Structure formats: C-alpha cells, structure tokens
Amino acid sequence: MQISHPVAFNIGLVVLSYLIGSVPFAVVVSRVMGLQDPRTYGSGNPGATNVLRSGSKAAAALTLLGDAAKGWFALWLVKTLSSPVGMTWNVMALSAIAVFLGHLFPVFLKFRGGKGVATALGILFAVSPWLALATVATWIIIAVFFRYSSLAALVAAVFAPLYYLFGGNIAWYTEIPLLAAITLISVLLILRHRANISRLLKGTESRIGEKKKA
C-alpha cells in the first residue's frame, strides 16, 4: 500500500485515535444493560469504578475492558497502518496522548469524560505487556491494602513512567517520545484526580465497592 501524503495520513491516525478514545463505554454498557446513566449517580464519572456503584460487577468489568481496549486498539492501529508509510515513535506517542485525551474529553459526551485509568492501562499494554503488568501489580497492591481505587491509580500513575524509564534494556527499549507521552498521561491522570486527592486528605473518599450518594 502506497500513501501519497504520509504526513496527512499520520495526522489522520492521531485524529482517529482521539475519536476511538471518545467512545464512552461506561455510558454504552449501562444503556445496553438497562442501568442508570453513570453520570447521574456517585461521582458522576463515566468510568468503571463509578459503574461498580450501580451494583453490577458485570457492567463495571465490561466498562473496564472497553476503556482499556480502546487505548490498546488505537496504538495497535497506528502500528499496523503506519508501517507502510514509515511509522515513527512520534506518531505512536501522539496517538497515545490523543486516545487518552479522547477519554478525558470525549466529543460524544460534550467533552466531559472519565479519569483515564483503564485507557492508560490499555496504552501501556500496547507499549509493552510487561510494563502494563508491572503497573497493574502496583495498583492491586495499593488497592488491596488501602481499598481506595483513586489512591491506587495515583500511585500507579507515578510509577508507570519510572518503570518505562528504568525497565529499558531489560524488558523493552525505552523510546524518548513514548516516555514523554507516558509521563504526560500520568500527569494528566493525577490532575484528573484532584478532587479525589482532596477527599483522601480529608478522609472522606469512598472505598472500592462502596456505594456513594449522589
């Protein structure tokens, strides 16, 4: 396959990544399963943790899977389609940021999206399954001991770029553009948890599985 305008083609892939990230699986899954819109209860966040407050573990699991899958799929698509036009790590990095921003600011939900934990995980899995597993292990350890999903996400966000940086030459080769993208994603994820950080400091944050009043 020959591409006449490779630059425009790669820009199109980045835009497509944003649109993929904009798919609101929390809302879609809830509607299909006949559940209340997750934006109307709990934290109002269209994400797996808030969907869990509906009482449906299946819906929460499907939301988590969908949000993670779109992060992985966007980067897989870039890897696959960019090969004929000389895929660069810059395109991969920009697509990673784009799909993440799509979840945070989805065009289909008037730019009011989730916090991006699952989507970030999908991105990490596309970069390296070992990187994703190390980050998930960090999330699980914090979640099990403290039962705060937000705290687990914050700690995992801090460690993810460090794992990618210091894991180079062991399980993967560290690419600077991807390191920059993962670091930016981690910073954005932490910023999206500002309210959670405030509640954690006040001791009012909801624990995993705990129903939260609207």
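The largest pocket of this predicted model has a volume of about 900 Å³. Its lining counts 43 residues, and those closest to the centre are Thr-49, Val-117, Ala-118, Trp-139 and Ser-149. The second largest pocket has a volume of about 230 Å³. Its lining counts 14 residues.

**Largest pocket**

- Seven helices are named as giving at least two residues each to this lining: H3, H4, H6, H7, H8, H9 and H10.
- Their ranges are 48-52 for H3, 57-82 for H4, 117-127 for H6, 129-146 for H7, 149-166 for H8, 176-192 for H9 and 194-202 for H10.
- Nonpolar residues number 22 in the lining of the largest pocket.
- That lining also holds 14 polar and 7 charged residues.

**Second largest pocket**

- Closest to the centre of the second largest pocket are Ser-43, Asn-45, Gly-113, Lys-115 and Arg-192.
- H10 provides the largest share, with 3 residues.
- The lining of the second largest pocket divides into 7 charged, 4 polar and 3 nonpolar residues.
- H9 and H10 also each supply at least two residues to the lining of the largest pocket.

**Loop between H5 and H6**

- Helix H5 spans 89-104 and helix H6 spans 117-127, with Lys-110 in the loop between them.
- Phe-111 lies in that loop too.
- Lys-110 has a phi near 55°, which is positive although the residue is not a glycine.
- Phe-111, also a residue other than glycine, has a positive phi of about 65°.
- Lys-110 counts as exposed because its relative accessibility is 72%, and the cut-off for exposed is over 50%.

- Asn-90 sits in helix H5.
- Its relative accessibility is 48%, so Asn-90 counts as partly exposed; that class lies between the 20% limit for buried and the 50% limit for exposed.
- In sequence, Asn-90 and Ile-176 are 86 residues apart.
- In space, the C-alpha atoms of Asn-90 and Ile-176 are 9.0 Å apart.
- Helix H9, which covers 176-192, includes position 176.

Note on methods
Residues are numbered from 1 along each chain as its sequence is written. This is a predicted model: local features need pLDDT of at least 70, side-chain atom pairs count only at pLDDT 80 or more; totals for chains, interfaces and linings use all residues. Side-chain values use heavy atoms; hydrogens and water are left out. Helices (H or I, at least four residues) and strands (E, at least two) are DSSP runs, numbered from the N terminus. Buried means under 20% relative accessible area, exposed over 50%, partly exposed in between (1.4 Å probe, protein chains only). On a 1 Å grid over the protein atoms alone, a cavity is a set of points where a 1.4 Å probe fits but cannot get out, and a pocket is an open set with protein on both sides within 12 Å along at least five of seven lines; lining residues have an atom within 4 Å of a point. Grid points are joined across faces, edges and corners, and a volume is the space filled by probe spheres set on the points. Ala, Val, Leu, Ile, Met, Phe, Trp, Tyr, Cys and Pro count as nonpolar, Asp, Glu, Lys and Arg as charged, and the others, Gly among them, as polar.
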